[in-house]
Each structure stands twice: as structure tokens, then as C-alpha cells.
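Keep the viewer open as you read.

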Amino acid sequence: MMKLCCSSPMVPGDSLTEKAEKLARWGYEAIAVFEPLETWNDASSAELVDLEGRTGVKPVEFVLQDEVYGKAMSLDPALREQCRDMYRRSAEVCAEIGAVMEIEYEYGSQDPLPLFDPYQQLTADQRDAFVAFYRELLIHVEGSRARVLLEPINRYESRYLNCVIDNLAVIEEAAHPQAGLLPDLFHLSIEEGDPAASLRGAGDQVAHVHLGDSNRLLPGSGHLDWPSIIEALRDIRYDGYLNLECSTEGDPEKSLPATARFLRDLL
């Protein structure tokens with residue numbers, strides 16, 4: 001049975017514990033923790049590690065964030081190493097709590113916009129370097145329940161690996177049992193002609209799912225066909241977490257419980 005999850009920045013509250021307690025009341029089983037690098041410390045780590053025991057809400061995804069996020073393949077050596085070091089720290093936390101994390105070849109607004117040249121392909125050297133770094137991160141989670149996943153990102157935020165099929169090829173080359181795919185329905189709504197078919201094509205490589213409608217708002221706010229998406233996930237026997245990773249409108253104290261009810265009806 002698929003389970004509901006929500007990203008921590010979407011939930012009002014002064015602490016991770018307060019946010020988790022609200023999610024429990026609203027019908028969510030899990031939380032995805034997106035933590036600013038500058039505020040991450042021993043106290044934050046301690047709160048995270050025993051969060052499920054205190055609130056019943058399981059932290060299933062963990063990502064450290066900073067302005068260097070998405071720069072792991074930067075041509076600037078200092079920037080590249082800053083980003084990679086942050087990813088390594090995220091992987092170590094995931095290994096401790098058994099969570100997933102995601103990486104991309106790059107992440108950030110594209111300038112100029114790729115109006116006439118979408119779906120750029122990595123060169124052989126770029127691909128080899130990315131696979132090597134991916135494998136390095138995977139070493140950090142070996143012996144744990146954690147996984148390091150690839151997330152296809154739309155062309156306006158990444159030049160490369162926009163489509164599910166291209167990410168699956170990298171996962172296959174990495175050849176590691178803790179690798180996998182993290183499809184985000186917002187990104188799929190831009191890059192995949194049929195998001196449900198893409199999910200079916202990914203099959204058992206789907207290890208975690210981000211939910212956001214075609215307008216990057218809560219499911220039901222745009223034009224995605226959510227019944228067909230849930231059906232596709234059932235068809236591939238996905239029984240993991242569906243994590244809201246999008247924007248909200250209005251009062252999240254009302255919209256997040258309503259979205260949980262909307263999704264429960266589909267499940």
C-alpha cells in the first residue's frame with residue numbers, strides 16, 4: 001500500500017517535531033526533510049534520528065540544501081567540491097536513518113532557455129564522470145537501507161537527463177542495488193508525453209515518488225490525470241512513499257489535510 005509523505009518546507013511549524021506532529025494529525029505517515037546546510041547541527045541530527053519514535057511520522061527522505069546545490073558537475077573545482085561534500089553529508093545521514101536522497105546532473109534555472117534545443121545528451125566524458133560520482137555516493141550508503149536516487153529534471157532547470165529513459169540508462173550503468181529512480185510528476189508533466197506510461201516503463205526502478213501537479217501546485221490543482229498515475233504505480237507494484245514536493249496556495253493547515261483526503265480516495 002502506498003503511503004503519504006510531505007516535504008518539510010511545506011508544513012508550518014517552528015521545529016521538525018512540530019511539523020511531524022501536524023502531518024500525523026492530517027493523515028500523513030512520513031516526512032521528507034529538506035534542511036538548510038547552515039542550520040544543520042548536532043541538535044538537528046538528534047531530533048531527526050528519534051523523530052519517528054516520538055511522533056509516529058517516519059523521515060524517509062533527507063536532503064541538505066545550500067546555494068551550491070545542483071553544482072556537483074560544475075566546471076568550477078571549488079564549487080563542485082563544495083556541492084559534492086554536502087551530498088556526501090546527506091548520504092551519511094540517509095545511511096543512519098534509512099532514507100533516500102536524490103541527485104541530478106545539474107539543477108538551476110537555465111539561461112538561455114532551451115526553446116529550440118531540448119534533450120541535450122551528455123558527452124561520453126560527462127557521462128563517465130557523473131556515473132563515477134554517483135557510484136561514489138552509493139558507497140556511502142552501502143550496508144544500510146538508504147538509497148541514492150536519480151531525479152529527472154525538466155529542461156528549464158537542467159540541460160541533461162530530463163527524461164526517465166535517460167536516467168534509467170545511467171542507473172543501469174551504475175549497477176548498484178541501492179541506485180534507483182525518483183520520478184517527480186511535475187517534471188514528468190513537462191518532459192513525458194504520457195507520465196503514466198513512463199512510470200510503467202521505469203518499473204521496479206521507481207524507488208520514491210514526488211507529487212506536484214502540472215502547475216507545481218498540490219495534486220488536483222492542475223491538469224495531470226491522477227487516477228491514471230496511481231493506477232500506473234499500482235501496475236508496477238509500487239508500495240513506497242508519495243511525497244508532496246510542490247507549492248501550496250492558501251492556508252496549508254487546510255490544503256494539506258484536504259490533499260491527504262484527495263490522495264486517500266485514489267489509493
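**From the core to the rings**

The largest nonpolar core holds 83 residues, and those with the most contacts inside it are Tyr87, Tyr134, Leu233 and Leu242. Core here means buried Ala, Val, Leu, Ile, Met, Phe, Trp, Tyr and Cys residues joined through side-chain atoms within 4.5 Å, with buried being under 20% relative accessible area, exposed over 50% and partly exposed in between (1.4 Å probe, protein chains only). In soluble globular proteins, nonpolar side chains tend to be buried together.

A word on ground rules: this is a predicted model, where local features need pLDDT of at least 70, side-chain atom pairs count only at pLDDT 80 or more, and totals for chains, interfaces and linings use all residues. Residues are numbered from 1 along each chain as its sequence is written, and side-chain values use heavy atoms, leaving out hydrogens and water.

Pick Leu233 and look around. Beyond its neighbours within four places in sequence, Leu233 is in contact (heavy atoms within 4.5 Å) with Met2, Leu199, Val209, Tyr238 and Leu242.

Now for strand β4, residues 100-103. Helices (H or I, at least four residues) and strands (E, at least two) are DSSP runs, numbered from the N terminus. Val100 and Glu102 point one way from β4, Met101 and Ile103 the other way, and all are buried. β4 pairs in the parallel sense with β5 (residues 147-150) over 4 bridges; pairing takes at least two DSSP bridges between the strands. Val100 has Arg147 as its bridge partner in β5.

On to the rings. The whole structure has 7 aromatic pairs, counted for Phe, Tyr and Trp (its six-membered ring) when centres lie within 6.5 Å; planes under 30 degrees apart are stacked, over 60 edge-to-face, the rest tilted. Tyr105 and Phe130 have ring centres 5.4 Å apart and planes at 65°, so this pair is edge-to-face. Tyr105 lies in the loop between β4 and α5 and Phe130 in α5, so the pair ties together parts 25 residues apart in sequence. Phe130 is buried, with a relative accessible area of 1%, and Tyr105 counts as buried at 6%. Tyr105 also forms an edge-to-face pair with Tyr160, 5.2 Å centre to centre with 80° between the planes.
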